[in-house]
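Me: I have a model open and want to go through it with you. Can you take my questions as they come?

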Amino acid sequence: MFLSAPPVNGTFAEYVAIDGSMLHRLPDGVSLEEGALVEPLSVGMQACNRAGLRPGSSVAIVGFGPIGLITMLVARSFGASKIFMIDVFDSRLAKAKELGADGVIHAGKDSTIEQIHSLTHGRGVDVVFDTSGSSKGASSTPFLAKRGKVVVLVGWPEVSSFPFSMETVIEKELDVRGVNRYCNTFGPVLSLLASKALSVEGIISHRFPFDQVVEAFTFASEHRGEVNKVVIG
């Protein structure tokens with residue numbers, strides 16, 4: 001059961017009734033706008049939890065949309081030492097650099113595999129996250145990972161099945177793990193926000209008033225290259 005997932009309605013309403021056991025109080029110093037970002041931040045938290053991400057790990061993130069951006073910030077709060085971002089939009093890659101990515105790769109211009117191997121002395125990274133929501137992005141992940149390490153599939157591809165190099169998974173003894181939203185992550189995310197260990201500065205790129213919900217979704221859909229996160233309120 002999940003708000004906004006059929007058959008349950010979402011929360012674009014003035015009032016929503018929710019069981020009190022499911023609520024979390026915002027800590028002092030955490031704004032309502034930060035609170036609105038706890039849900040997407042929880043996806044990044046779940047991805048890093050599923051990866052078993054440890055301090056000092058190297059990371060590659062395929063797809064720098066809102067969830068890719070959030071996963072990068074959470075991974076950094078977990079202590080990731082090197083984070084490489086991969087996307088096909090120059091504007092998104094520029095934003096990744098601005099927010100602290102250690103390296104960016106344009107998947108439409110460069111060989112992603114060659115670039116990752118060049119940046120990691122031919123070894124690959126400890127954790128590869130696919131947040132692209134594309135079968136092409138997801139299918140590239142086994143080739144970017146270091147032997148014996150982890151691939152985490154976060155984005156939902158546009159098709160239910162696609163070619164995936166199981167030969168590479170087996171030969172490199174990779175763990176492939178899926179993420180479906182999150183579990184027990186709101187509390188930890190709120191703690192990171194309250195302690196300032198996690199900053200949401202730079203996540204929100206556009207704001208729309210509540211009476212422009214449709215316009216907000218349309219804008220996000222039609223301006224994918226320039227949108228990080230749209231907030232309605």
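Me: What volume does the second largest pocket have?
Reply: About 150 Å³. This is a predicted model, so local features need pLDDT of at least 70, side-chain atom pairs count only at pLDDT 80 or more, and totals for chains, interfaces and linings use all residues. Residues are numbered from 1 along each chain as its sequence is written, and side-chain values use heavy atoms, with hydrogens and water left out.

Me: How are a pocket and its volume defined?
Reply: The grid is 1 Å over the protein atoms alone; a pocket is an open set of points with protein on both sides within 12 Å along at least five of seven lines. A cavity is a set where a 1.4 Å probe fits but cannot get out. Lining residues have an atom within 4 Å of a point. Points are joined across faces, edges and corners, and the volume is the space filled by probe spheres set on them.

Me: Which residues line the second largest pocket?
Reply: D130, A138, L153, V154, G155, W156, P157, V159, F162 and V179.

Me: How does that lining split by class?
Reply: Eight nonpolar, one polar and one charged. Nonpolar covers Ala, Val, Leu, Ile, Met, Phe, Trp, Tyr, Cys and Pro; charged covers Asp, Glu, Lys and Arg; the others, Gly among them, are polar.

Me: Switching to strand 4. Is strand 4 largely enclosed or open?
Reply: Six of the six residues of strand 4 (residues 125–130) are buried, so the strand is largely enclosed by the rest of the structure. Buried is under 20% relative accessible area, exposed is over 50%, and partly exposed is in between (1.4 Å probe, protein chains only). Strands (E, at least two residues) and helices (H or I, at least four) are DSSP runs, numbered from the N terminus.

Me: How many bridges join strand 4 to strand 1, and to strand 5?
Reply: Four bridges join strand 4 to strand 1 (residues 58–62), and the two run parallel. Five bridges pair strand 4 with strand 5 (residues 145–153), also in the parallel sense. Pairing takes at least two DSSP bridges between the strands.

Me: What sits across from V127?
Reply: V59 stands opposite V127. In strand 5, the bridge partner of V127 is V150.

Me: Now the rings. How many aromatic pairs are there?
Reply: Five, from a search of the whole structure. One of them is F208 with F219, tilted, at 5.8 Å centre to centre and 55° between the planes. Rings of Phe, Tyr and Trp (its six-membered ring) pair if their centres lie within 6.5 Å; planes under 30 degrees apart are stacked, over 60 edge-to-face, the rest tilted.

Me: Why does the F208 and F219 pair tie parts together?
Reply: F208 is in strand 7 (residues 204–208) and F219 in helix 9 (residues 213–222), so the pair links parts eleven residues apart in sequence. Both F208 and F219 are buried.

Me: Which residues cluster with F2?
Reply: Y182 and F186 form one aromatic cluster with F2. The charged end of R181 also sits over the F2 ring, 3.9 Å from its centre. That call needs NZ of Lys or CZ of Arg within 6 Å of the ring centre and within 35 degrees of the ring normal.

Me: What is the phi of R181?
Reply: Near 70°, a positive value in a residue other than glycine. R181 lies in the loop between strand 6 (175–178) and helix 8 (186–194), and counts as partly exposed at 34% relative accessibility.
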